[in-house]
Amino acid sequence: MVRILDERRQQVYRKGQGSFNMTCEKKSLAGAVSQRACVFCGSRVVLYPIADALHLVHGPIGCAAYTWDIRGALSSGPQLHRLSFSTDLREMDVIQGGEKKLYNSLVELIDEYQPKAAFVYATCIVGLIGDDVDAICRKVSSEKNITVLPVHSEGFCGSKKEGYRAACDALYKLVGTAPADGVSRHSINIMGDFNLAGEIWLIREYYNRMGVEVVANITGDGRVADIRRMHAASLNVVQCSGSIIHLARKLEEKYGRPYIRVSYFGIEDMAKALYDVAEFFDDPVMMEKAEQIVRSEVAAIMPEIRRYRKDLVGRKAAVYVGGAFKAFSLVRALRLLGMRTVLVGSQTGNQDDYRQLRDMCDAGTIIVDDSNPLELCGFLKEKGCDIFIGGVKERPIAYKLGLGFCDHNHERKQALAGFTGMLNFAREVYATVTSPVWQFVRRPQPAQENKK
Amino acid sequence: MKAVHENTFTACRNACKLCTPLGACLTFRGIEATLPFLHGSQGCATYIRRYFISHFREPVDIASSSFDEQSAIFGGGDNLHRGLRNVIEKYKPQMIGVATTCLTETIGEDMPMLIRQFVKESQGDALPAIIPVSTPSYQGTHVEGFHAAVRAVVESLAEPGGRAGKAINILPGMVSPADQRHIKEIIEDFELPYVMLPDYSETLDAPTVAEYEKIASGGTTLNSIRGMGQARATISFGSTIASELSAGCLLQQRCDVPEYRLGLPIGIKQTDAFFDVLGELSGQVIPQKYFFERGRLIDAYVDGHKYVFGKRAVVYGQEDMVVGIAAFLAEIGIIPVLCASGAESGRLNENIRRVTPELTQEITVLEGADFLDIEQAAANLQPDLIIGNSKGYTFSRKLGVPLVRVGFPIHDRIGGPRLLHLGYRGAGQLFDRIVNTLIEAKQSSSPVGYTYI
């Protein structure tokens, strides 16, 4: 059995064993090698894809260096987000304060790149050395006549979730700063999609074919001007709800714009995302179009998926992702491929999420919150999986154990959303599960090891 | 030669450096049964793990004390102690290397005191060695962090022994696992007993295993590090490292172990210097295997010399790697027209000058540069090729100049840890890659598309 630190026992549940009372939304345990990141990471993830904004990281060089162009968030126009800007604080700045450097950096970068807005990310030490980031942002805002928004993302002030919240707070300051006229009644914002490998383009196209106007992408292929008028959209369609739900709630409060939660992964969830929007607008023509899209798209991908399914039926999968909502979709998508999910977990899920996962999964499935490499390894071995679906930090664990792997995180360069994405996902799962290389990995052990 | 050190921008745009804790973590991953531990926010450990994993494609566990607001205000002692206890319980390490971060340095954590406290509170328990290293991210680069950790480990473990030992110390600096394996092979072929610190040739380039290891096996053993103070000599690679950061220097001062400080042995001249020292220390002539390897390398130089002669290269990355590559390029007829690094040791310029005496007029050295500085300078120099880590791909693509990937990190190709740079063999591989890159550029831009070149 896997060794679990005492303080983490309530963060692991095995379906069918004991009553369900998972603890989650806890701080990561010191020394546990959590797969989570920090507040800064959460903010950076959400805001990063806004392609015509300047993103300046205020702090020593690490935070900016490690987040330079690491995500596959595509832009159809400006590419400013793909540059990494840092105030690169040094020892003297730590002693004397970094305000002047921040000011100078902002001014020169705004002059050079003419962004539509600027985000300034405060990292761990900024408050400690006494920098008043808000004041500098206000000053540059008025001098340069451009919105400069502080993002309070000091790494230690919580987890990734607080970072999402800080990003949403910054975004919210832009909302409503441009007129809302000329927007169709049948309009939505696509929220919580980051346009990895062009996914948001796929989704937009489906909605457009249904006759729905998309006002703003939040934040994949995002533009400052769209965010300013996003309050005009009748409905907010929210994916990856952990990252952006805070903003959706604020829009509902202030502008009375409702939101629905969707997922674009897998046939079932993708279709539902279209139907739910048509249903919201209560428009039979739109619903008819949605059904047509689903019919034709599914018909186009199913023959190939069925071929893969033959070889994948009965295989076992493990899923460990950032948000629980994605985990739901993956469990369903894997089922479509004939596979069983025997381990599923997330970095940031809540009680309800985990209850839903429990209800979806078969008996014996392990459900885990904020896991770590050693635990994950233990679970994978215990369950004997064929594939592990996670992010880049999970990849070497899978490979070391001789399992297939699918990157379902932000670094992937392959669209996994939409109907096209489901086909790509099936191809990738098939490729990694049935690759001939595993015959060499799962080799017999040398004689001396067998003796142990 | 011009040494330029004026950034046009206050801000750093696309950094050509990483932060100090990253380097320290790499060193600790090269010590047997050792877990790196970052005293700071959770994000530092996670980002650095991700950065390593994308290069080495191996599991890299780094623990964190996972600071929260309370610890930032009242100190992170409790978090550190809890973290250490958890790491000891789960990983059962022989050593924990604790590196600080900008956060814990800024709030002034007294690491030795906190660790003493932990040891005192854990009386009766068998504890691993717990070695702190100060790595404020606002000071120096990952390379300084790497060397600081090597020095911290030596300082805390090595004892003077009047050069009674038979072994030599080898401090390779921040090179690839393949480089480390090759250095060990060479020294073994000279029949010299040695201690190499760090040694991540197995821990970060490991075979698949039947049983997952909590901490990948391999690495310099603690016992052998303890013996480094008795060594006959230390060979250290790297000419830009500050003396106060150099473990070789420390061993010389404290334990009277003479230090042979060499540049990274890239190319014939620098590898010859390394072999000369090995010959002197072992009393042996160059093993025949290397005599032939050297001969084959010279033969390759001759075969390829016309493809490379007079070509202009931009070289960037860690300072010692830049110096090593520049020396190598100079000896094959390529002009390293721009030698750049994000680091600011203040010794890059003089060292480039030292290894390329005939080319001083033609080389620009950029210290403390970011990638946009480098791009700008490169655009005016009409280079034929670019040599450095994968982060230069952005400007290589923009300028339409091919990139030969060396060093760390290589995030857009497979096999970074298997890249060999050192020794005659490494030079041979580099030479082939460089020549073929130039040939390929010529071939693909040719309207004819020759099949014989």
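**Strands, helices and contacts, term by term**

Biologist: Which residue of S11(A) is the bridge partner of A:Tyr320?

Modeller: The bridge partner of A:Tyr320 is A:Gly345 in S11(A). This is a predicted model, in which local features need pLDDT of at least 70 and side-chain atom pairs count only at pLDDT 80 or more, while totals for chains, interfaces and linings use all residues. Residues are numbered from 1 along each chain as its sequence is written, and chains are lettered from A and ligands numbered from 1 in the order in which they are written.

Biologist: How do you know that S10(A) and S11(A) pair?

Modeller: Two strands pair if DSSP finds at least two bridges between them. Strand S10 (residues 316-321) and strand S11 (residues 340-346) of chain A are joined by six bridges and run parallel, so the pair meets the criterion. Strands are DSSP runs of E with at least two residues, helices are runs of H or I with at least four, and both are numbered from the N terminus.

Biologist: Why is the crossover between S10(A) and S11(A) called right-handed?

Modeller: With the strands pointing away from the viewer, the path from the first strand over the helix to the second must run clockwise. From S10(A) the chain passes through helix H13 (residues 324-336) of chain A to S11(A), and this β-α-β crossover is right-handed. In chain B, S3(B), helix H2 (residues 42-56) and S4(B) also form a right-handed β-α-β unit.

Biologist: What makes S1 and S14 of chain A edge strands?

Modeller: The sheet is open, has six strands in the order S1-S12-S11-S10-S13-S14 (chain A), and its pairing is mixed. Strand S1 (12-14) and strand S14 (404-407) have a single partner strand each, so one side of each is left without a neighbour in the sheet. Ignoring direction, neighbouring strands of this sheet are turned by 15 degrees against each other on average. The angles are taken between lines fitted to C-alpha atoms (for helices over the stretch in contact) and run from 0 to 180 degrees between N-to-C directions.

Biologist: What does S1(A) pair with, and in which sense?

Modeller: S1(A) runs antiparallel to strand S12 (residues 366-369) of chain A, with three bridges. In this pair A:Arg14 stands opposite A:Ile366. Helix H17 (residues 418-434) of chain A packs on the sheet, touching strand S13 (387-390) and S14, and its direction makes about 155 degrees with that of S14(A).

Biologist: What makes S3(B) largely enclosed?

Modeller: Six of the six residues of strand S3 (residues 34-39) of chain B are buried, so the rest of the structure largely encloses this strand. B:Thr34, B:Pro36 and B:Leu38 point one way, and B:Leu35, B:Phe37 and B:His39 point the other way. S3(B) pairs in the parallel sense with strand S5 (residues 95-100) over six bridges, where B:Thr34 has B:Met95 as its bridge partner. Two bridges link S3(B), also in the parallel sense, to strand S4 (residues 63-64), and B:Phe37 stands opposite B:Ala63 there.

Biologist: How do you know that H1(B) is mostly covered, and what covers its buried residues?

Modeller: Of the 10 residues of helix H1 (residues 20-29) of chain B, 10 are buried. Their cover includes S3, H2, S5, strand S6 (129-133) and helix H7 (142-157) of chain B.

Biologist: What makes a set of residues the largest nonpolar core here?

Modeller: Such a core is a set of buried Ala, Val, Leu, Ile, Met, Phe, Trp, Tyr and Cys residues joined through C-beta atoms within 7 Å. The largest has 304 residues, and A:Ala118, A:Val319 and B:Ala326 have the most contacts inside it. Helix H13 (residues 319-332) of chain B gives the largest share, 10 residues.

Biologist: How many residues of each chain are in contact with the other chain?

Modeller: Two residues are in contact if their C-beta atoms, placed from the backbone, lie within 7 Å. By that rule 55 residues of chain B are in contact with 59 residues of chain A. H2(B) gives the most to the side of chain B that touches chain A, with 10 residues.

Terms used
Buried ≥ 20, exposed ≤ 12 C-beta atoms within 10 Å, placed from the backbone.
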